[in-house]
Amino acid sequence: MPPLHTAGPEASIEELTDFICAAQVSKEADAYLQELPCEAKPKPNIFSGNGKHKRKFYEHELWRKKKQKGYQNTALDEDTEMIRLPIPMIGFGVPTEPCPLIHRTLPEAAIGPPYFYYENVALAPKGVWDTIKRFLYDVDPEFVDSKFFCATARKRGYIHNLPIKNRFPLLPLPPQTIHEALPLTRKWWPSWDQRTHLNCLQTCICSAKLTERIRKSLEPWDGEPPMHVQNYVLHECRKWNLVWVGRNKVAPLEADEVEMLLGFPRNHTRGGGISRTDRYKSLGNSFQVDTVAYHLSVLKDIFPGGINVLSLFSGIGGAEVALHRLGVPLKTVVSVEISEVNRNIVRSWWEQTNQKGTLIDMTDVQELNGDRLEQLIGTFGGFDLVIGGSPCNNLAGSNRHSRDGLEGKESSLFFDYFRILDLVKCIMGSKQ
Ligand code: SAH
């Protein structure tokens with residue numbers, strides 16, 4: 001077993017943001033579990049009873065009420081204990097580190113079809129991932145930091161029932177360090193800034209005021225600031241992912257750079273009337289494509305003729321881009337995404353890449369019910385993969401110490417991922 005650590009007071013802002021956000025899921029989950037009928041408590045098979053009962057239950061007032069209630073109490077206890085994450089955070093292996101585990105036995109209830117793949121932030125209060133795991137058929141999460149794939153960290157947990165043997169990375173490998181990714185910054189990078197990787201990319205950037213303040217604090221020292229100035233500057237650089245673009249001059253990443261770091265094609269989120277703010281927001285929430293592609297790479301041999309995908313919370317299409325770059329033909333993609341901006345990005349990418357398959361888009365996962373799923377499955381014969389990372393609200397950078405910005409209603413959408421997956425399993429007959 002790799003050593004474990006608990007995120008304590010020294011945890012980074014990014015980690016804490018993830019943590020607070022994940023806390024919502026925990027509370028929501030507990031509330032759900034308490035109110036589910038006894039026979040429905042997930043241990044280890046989520047629901048007993050036959051498929052008809054299950055479909056009825058998901059359409060029942062009880063399930064719906066929970067969804068509408070939203071999140072009421074966002075405050076975290078001061079001493080909420082956080083999850084212990086493995087070090088190094090390589091899950092069931094990354095391309096540069098030998099796989100510590102070659103074989104895993106999945107619980108019976110987890111075995112497909114379809115394959116499923118669920119993502120959320122890794123750093124969560126103790127219990128969140130246990131609950132997610134319990135719902136997702138008792139499959140252990142793999143916790144992976146994208147710093148093993150590219151020049152930026154992104155600590156995420158993934159629960160899936162994919163094989164883990166013979167994974168391969170996307171080629172060409174992306175730049176592995178900040179300097180490889182952003183070579184022009186090298187010239188201005190001071191020796192006392194020893195970052196090689198960026199922190200998790202967020203949904204917003206810092207103000208111009210801050211970079212100006214940093215410039216002013218460095219100016220008097222002719223390239224050799226005293227320790228307290230270095231510490232201040234480094235702290236802000238880490239917090240906001242600032243890079244060196246001139247003498248004493250730092251700047252936030254451009255949206256194009258974020259796009260590249262996350263493994264998306266150039267200009268993926270650009271144009272079509274999308275604002276800069278929206279670009280940062282959508283990118284900040286997206287998958288790191290190289291990481292997800294590594295996990296999905298095993299599908300290439302399994303489905304040489306292509307796959308039918310149910311993509312929930314599609315965002316800017318991290319899953320679709322990963323599969324396409326792997327060379328897995330996309331026969332049908334049913335993409336469910338509430339933001340029109342994001343849906344347009346995915347639709348435009350679909351057209352740009354001359355996809356031969358069919359893209360069906362829908363808006364709200366909450367409206368995707370058993371009847372619609374049955375109809376979709378009837379049309380093209382079933383889903384091969386149900387993939388998605390449900391939202392985890394980020395706090396605005398300047399808001400990071402306040403919990404007011406949380407919109408807990410969204411955290412409960414995890415249960416829609418589970419509900420839909422469970423219905424698909426049921427309709428496709430791998431579950432009674
Ligand atoms: N994995 C995606 C991003 C996931 S972020 C990517 O690679 O880009 C979560 C996404 O869920 C966001 O894009 C958000 O707009 C979307 N979302 C929020 N509520 C939703 C709902 N009710 N139905 C469908 N999508 C929703």
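This is a predicted model: local features need pLDDT of at least 70, side-chain atom pairs count only at pLDDT 80 or more; totals for chains, interfaces and linings use all residues.
**Entry 1: the whole chain**

I began with the overall counts. The chain holds 15 helices and eleven strands. Of its 432 residues, 54% are buried. I also looked up how far apart in sequence the contacting residues are. Among contacts with a separation of 6 or more, 77% join residues 24 or more positions apart.

**Entry 2: strand 3 and its partners**

Which strands pair with strand 3 in the parallel and the antiparallel sense? Strand 11 is the parallel partner, joined to strand 3 by five bridges. Here I found Tyr 118 opposite Gly 388 of strand 11. Strand 5 (residues 155-160) pairs with strand 3 in the antiparallel sense, also over five bridges. On that side, Glu 119 stands opposite Tyr 158, and Tyr 117 faces His 160 of strand 5.

I looked up burial for strand 3 (residues 115-121) as well. Six of its seven residues are buried, so the rest of the structure largely encloses this strand.

Is helix 12 mostly covered or mostly uncovered? Mostly covered: seven of the nine residues in 318-326 are buried. I noted them down as Gly 318, Ala 319, Glu 320, Val 321, Ala 322, Leu 323 and Leu 326.

What do these buried residues pack against? I listed four helical and strand neighbours to revisit, including helix 10 (289-296), helix 11 (299-302), strand 8 (307-312) and strand 9 (330-336). Helix 13 (340-352) and strand 11 (385-389) also belong to this set.

**Entry 3: helix 10 against helix 12**

I took a closer look at this pair. Helix 10 and helix 12 pack at an angle of about 60°, and their axes are 9 Å apart. The two helices are therefore oblique to each other. Helix 10 passes helix 12 in a right-handed crossing.

On the helix 10 side, the contact is made by Val 289, Asp 290, Val 292, Ala 293 and Leu 296. Helix 12 brings Gly 318, Val 321, Ala 322, Leu 323, Arg 325 and Leu 326. By class, I have eight nonpolar, one polar and two charged residues in this contact.

**Entry 4: helix 14 against helix 15**

The axes of helix 14 (residues 370-380) and helix 15 (residues 414-427) come within 10 Å and cross at roughly 50°. This pair is therefore oblique, and the crossing is right-handed.

Which residues make the contact? From helix 14 I wrote down Gly 370, Leu 373, Glu 374 and Ile 377. From helix 15 they are Ile 420, Leu 423, Val 424 and Ile 427. These residues divide into six nonpolar, one polar and one charged.

Notes. Residues are numbered from 1 along each chain as its sequence is written. Side-chain values use heavy atoms; hydrogens and water are left out. Buried means under 20% relative accessible area, exposed over 50%, partly exposed in between (1.4 Å probe, protein chains only). Contact means heavy atoms within 4.5 Å. Axes are lines fitted to C-alpha atoms, for helices over the stretch in contact, and angles run from 0 to 180 degrees between N-to-C directions. Angles under 35 degrees count as roughly parallel, over 145 as roughly antiparallel, 65 to 115 as roughly perpendicular and the rest as oblique. A crossing is left-handed if the near helix is turned anticlockwise from the far one by less than a right angle, and right-handed if clockwise. Ala, Val, Leu, Ile, Met, Phe, Trp, Tyr, Cys and Pro count as nonpolar, Asp, Glu, Lys and Arg as charged, and the others, Gly among them, as polar. Two strands pair if DSSP finds at least two bridges between them.
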